[in-house]
Amino acid sequence: MLNTTLYFMVLPMECYFFYRYITATFKTRDRFSRTVDLVMGIGLGLSLFAVILNIFTGIYFTVDTMGGYTRGPLYLCAYIYFIVAVFLSVWTFIRKREELDRNQVLALIVFLGGPIVVAVLPNPADG
């Protein structure tokens, strides 16, 4: 249970810190960026709260006494923050595209590709 709970906490934290990397790199401090900062911070807090709440409710997943993992009824909701964070991060990249270098583009590809692969590949095996 601890391992899977930590796994579910890592994705929103990765999203949040990647967004912080973007804002620090581009030194964005306009009104739009401040609003997005607020959304990202509140979203992170809500995501982590929901994962902790899952321990008691099983809304995302449950782990039985034998270690068997079962997805909960709101499993896909665990990815809402990821989807919002990807959209906001890509939007920030697009707004600052003239300032991008190759390493920043590579970081965006890894950020988007890694979690998507991890989330999508196991699905056929789960039925």
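Predicted model: local features only at pLDDT ≥ 70, side-chain atom pairs only at ≥ 80, totals over all residues.
The chain has 127 residues, and 37% of them count as buried. Along the principal axes, the C-alpha trace extends over about 50 × 30 × 20 Å.

The secondary structure of the protein chain consists of five helices and two strands. Read from the N terminus, the order of these elements is α-α-β-β-α-α-α. Among contacts in the protein chain with a separation of 6 or more, 67% are between residues 24 or more positions apart.

Helix H1 covers residues 2–26, and helix H2 covers residues 31–57. Valine 10 belongs to helix H1. The relative accessibility of valine 10 is 45%, so this residue is classed as partly exposed. Between valine 10 and leucine 48 there are 38 positions in sequence, while their C-alpha atoms are separated by 9.2 Å in space.

Charged residues were considered next. The protein chain carries 10 positive and 8 negative charges, and the mean positions of the two sets lie 9 Å apart. Side chains of opposite charge can pair when their charged atoms come close. One salt bridge was found when the whole structure was searched. This salt bridge joins the side chains of arginine 20 and aspartate 37, with an N to O distance of 3.1 Å. Because arginine 20 is in helix H1 and aspartate 37 is in helix H2, the pair ties together parts that are 17 residues apart in sequence. The two partners fall into separate accessibility classes, as their values show. Aspartate 37 has a relative accessible area of 15% and is therefore buried, given that buried means under 20%. Arginine 20, at 29%, is partly exposed.

Threonine 23 is located in helix H1. With a relative accessible area of 5%, threonine 23 is buried. When residues up to four places away in sequence are not counted, threonine 23 touches Thr28 and Asp37. Asp37 is also the acidic partner in the salt bridge with arginine 20. Serine 33 is located in helix H2. The relative accessibility of serine 33 is 1%, and this residue is therefore buried. Apart from neighbours within four places in sequence, serine 33 is in contact with Tyr19, Thr28 and Arg95.

Met1, Ile52, Ile55 and Phe56 make up a nonpolar surface patch of about 400 Å². One of these residues, isoleucine 55, lies in helix H2. Isoleucine 55 is partly exposed, as its relative accessible area is 39%. This value passes the cut-off for patch residues, which is over 30% relative accessible area.

Terms used. Residues numbered from 1 in each chain as written. Heavy atoms only, no water. Patch = residues over 30% accessible without salt bridge, like charges linked within 9 Å, V, L, I, M, F, W, Y side chains within 5 Å. Areas by Shrake-Rupley, 256 points an atom, 1.4 Å probe, with all protein chains shown as cover. Salt bridge = Lys/Arg side-chain N within 4 Å of Asp/Glu carboxyl O. Helix = DSSP H or I, 4+ residues; strand = E, 2+ residues; numbered from the N terminus. Buried < 20%, exposed > 50% of the residue type's maximum accessible area, 1.4 Å probe, protein only. Contact = heavy atoms within 4.5 Å. Lys, Arg positive; Asp, Glu negative; His and termini not counted. Charge placed at Lys NZ, Arg CZ, Asp CG, Glu CD.
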